[in-house]
Amino acid sequence: MTIDLRSDTVTRPTEAMRQAMLAAAVGDDVYGEDPTVNALQERLANDLGFAAALFLPSGTQSNLCALLAHCERGDEYLVGMEAHTYKYEGGGAAVLGSIQPHPIVQNELGCLPIESLQRALKPIDPHFARTRLVCLENTWQGRVLPTDYLEQARAFCDQHGLALHLDGARLFNAAVAQVTDGTDAMSAARAICGHFDSVSVCFSKGLGAPVGSVLLGDAALIERARRWRKVCGGGMRQAGLLAAACLHALDQHVAKLAEDHDRAAQLAAALQGTAAFSAVTQHTNMVFVQIDPRHLLAFRQHCERGGLTVSVGSPLIRLVLHRDVDDSALGMAIHVLRDFQP
């Protein structure tokens, strides 16, 4: 048995999800005729408070189409220096859209400080790229952006005529973490989305679908994004097979994200005080451990021998809990990690 803690992208579709895919009604989505894709788009737009939605193959393409729809050549977007849309998506906005990113150092919560955004704004002058968009990420490294910060970011964008986009790859992790008595995850997600002009939601991470993200926005923005989806090669035909998995995830998997958060907390608690790790932190479904760089190779080999798959590149190692790690697998992972002797 191998336990994979590299990412929640390694989740596999359940048998029930596979059956939902098998039974899906399909059509040609490029013509707008796939009934299951249309149902997913309409449902998510209604649930999260947007006028329109667009199904895309990946979160990277969803974010890219959002940037291309918001900005023109020579425009710029303000983005976190450690944000996925800046650092981990191949520079697509610059390469394909001639859109300049202006990276800003995030604070410990993943926020772009308002004073930093203010300094990054460009005057209307031919010397400068035109600032058009602010892009946030929630969750960021498992951290949930605070509600009061979202309000400040929205006010800043309104003041300066900027659009606000959310890379919500783990939007529902953020929502589940903010559920209180009298609220549910979808209501919490809708509240988060209410601050943004566009939101990208990924289904192939903790929600367990094999493929797919949905971009949400107003009708005009989604129509522009639809054209860019085609340009980027993302127009799919009988995509209802994939959309059915996402609909199943909405029905069955959202609330269960809380179990991943609970297991992450258990893992962090079990590793606290372990000699091998100088620091242990946990946010939603992610645990971060700090290890002496001299021991990285030995740690990787130890994990491999114990049947544990972990991304070991830097001294700060991320361990991600997901629906394919049950209580038994968690116990095994704890045993292997605690057993490491540098």
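Tutor: Welcome! Residues are numbered from 1 along each chain as its sequence is written. The model is predicted, so local features need pLDDT of at least 70 and side-chain atom pairs count only at pLDDT 80 or more, while totals for chains, interfaces and linings use all residues, and side-chain values use heavy atoms, leaving out hydrogens and water.

Student: What makes a set of points a pocket, and what volume does the largest pocket have?

Tutor: On a 1 Å grid over the protein atoms alone, a pocket is an open set with protein on both sides within 12 Å along at least five of seven lines. A volume is the space filled by probe spheres (1.4 Å probe) set on the points. For the largest pocket, that volume is about 540 Å³.

Student: Which residues line the largest pocket, and what makes them lining residues?

Tutor: A lining residue has an atom within 4 Å of a point. There are 19 here, and the closest to the centre of the largest pocket are Tyr88, Gln141, Met286, Phe288 and Arg318. Strands S10 (286–291) and S12 (316–320) each give two or more residues to this lining, with S12 giving the most, 3 residues.

Student: Why is S9 said to pair with S10?

Tutor: Strands are DSSP runs (E, at least two residues), numbered from the N terminus. Two strands pair if DSSP finds at least two bridges between them. S9 (residues 277–283) and S10 are joined by 6 bridges, so they meet that definition, and they run antiparallel. Ala279 stands opposite Gln290 in S10. In the hairpin of S9 and S10, with 2 residues between the strands, Thr284 takes a positive phi near 45°.

Student: What makes a set of residues a nonpolar core?

Tutor: Its members are buried Ala, Val, Leu, Ile, Met, Phe, Trp, Tyr and Cys residues joined through side-chain atoms within 4.5 Å, where buried means under 20% relative accessible area (1.4 Å probe, protein chains only). The largest such core has 58 residues, and Leu48, Phe55 and Leu216 are among those with the most contacts inside it. Helix H11 (residues 240–252) gives the most to this core, 7 residues; a helix is a DSSP run of H or I with at least four residues.

Student: How do you know that Leu48 is in contact with Leu216?

Tutor: Contact means heavy atoms within 4.5 Å. Leaving aside neighbours within four places in sequence, the contacts of Leu48 include Leu171, Met186, Val201 and Leu216. A second, separate core of 30 residues includes Cys303, Leu321, Ala333 and Leu337.

Technical notes:
Buried < 20%, exposed > 50% of the residue type's maximum accessible area, 1.4 Å probe, protein only.
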